[in-house]
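I am opening a new notebook page for this structure. I will look things up one by one and write down what I find.

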Amino acid sequence: MNLVIKICLGAALTLAALAPLAHADDFELSHNQRIACSRSLSAGKLSTATCGSYTYIFNTRTSEYFRCAVNLALTHDKKEVINVQVDGGCVKKPRIFDTDSHYSFDATETEAPNTNSFFGPGGYAIWASDTTSQKVRGCITVSSGLGSDISKCLDMTFK
C-alpha cells in the first residue's frame, strides 16, 4: 500500500511541475456584435418577429475563429405570445495565420439580408494582427450564391 501511495504522489508532483509549461489557448470575444430584427404579419392576424445576432470567438494563439449566431422567433396575436423559438450555435472557421503567435482581431458583417445587399445574406470581414510583430491580415468572406462562400485574405504592407 505504501508503494501505491508513493507512486501516486510522484505522479501528482510530476503533473504539478509540468502544468505551468502547458500553454493554454486564449479566446477573445469580438467587440462588434450586432442585432437585427424584422417582423411580418401572418394569416389570422398573427404577427411574427424574428431577431438575430452574431459574434466571433477568436483563438488568440492559433488565429482560428468561430462565428456564433443566435436567432429568436416570436409569434403573437393582439392578446398573447403564442410561440417563442430560439436556435443558434458556433461554426469553426479556418486559421488566419499559419503559425502560432499572439494575435488580436476584430470582425464585422454586412447588414441583414432584408436590405438590398448585392451578396444576398451578406458577408463578413475579419481583421487579425500579430501582437508580437508588425503583421496584419484582412479577410473578406461573401456568399457566392452558388453553394460555397468565397473567402480571401490579404497581408497588409506598411509604407
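**Entry 1: burial.** I start with a cut-off: a residue counts as buried when its relative accessible area is under 20%. I am working with a predicted model. What share of the residues in the protein chain is buried? I find 23% of the 159 residues.

**Entry 2: surface.** The protein chain exposes about 11200 Å². Carbon and sulfur atoms supply 61% of that area.

**Entry 3: layout.** I count one helix and nine strands in the protein chain.

**Entry 4: confidence.** The mean pLDDT of the protein chain is 75, and 71% of the residues score at least 70. Where is confidence lowest, and where is it highest? Helix α1 (residues 2-18) is lowest, at a mean of 42. Strand β5 is highest, at 87. I also note that pLDDT stays below 50 over residues 1-22. Beyond near neighbours in sequence, that stretch has zero contacts in the model. I keep a caution here: where pLDDT is low, the predicted coordinates should not be read in detail.

**Entry 5: disulfides.** How many disulfides does the structure hold? I find two. I took them in turn.

**Entry 6: Cys68 and Cys90.** The sulfur atoms of Cys68 and Cys90 are 2.0 Å apart and form a disulfide. The link is right-handed, with 110 degrees about the S-S bond. Which strands does this pair tie together? Cys68 sits in β4 (residues 65-76) and Cys90 in β5 (residues 81-93), so the bond ties parts 22 residues apart in sequence. I also looked up Cys68 for burial. Cys68 has a relative accessible area of 9%, so I log it as buried.

**Entry 7: Cys139 and Cys153.** The other disulfide joins Cys139 to Cys153, with 2.0 Å from S to S. The torsion about their S-S bond is about 110 degrees, so I log this disulfide as right-handed. Cys139 lies in β8 (residues 135-143) and Cys153 in β9 (residues 149-155). The two cysteines are 14 residues apart, and the pair links distant parts of the chain. Cys153 is partly exposed, at 42%.

Definitions and conventions. Residues numbered from 1 in each chain as written. Predicted model: local features only at pLDDT ≥ 70, side-chain atom pairs only at ≥ 80, totals over all residues. Heavy atoms only, no water. Helix = DSSP H or I, 4+ residues; strand = E, 2+ residues; numbered from the N terminus. Buried < 20%, exposed > 50% of the residue type's maximum accessible area, 1.4 Å probe, protein only. Areas by Shrake-Rupley, 256 points an atom, 1.4 Å probe, with all protein chains shown as cover. Disulfide = S-S within 2.5 Å. pLDDT = per-residue confidence, 0-100. Contact = heavy atoms within 4.5 Å.
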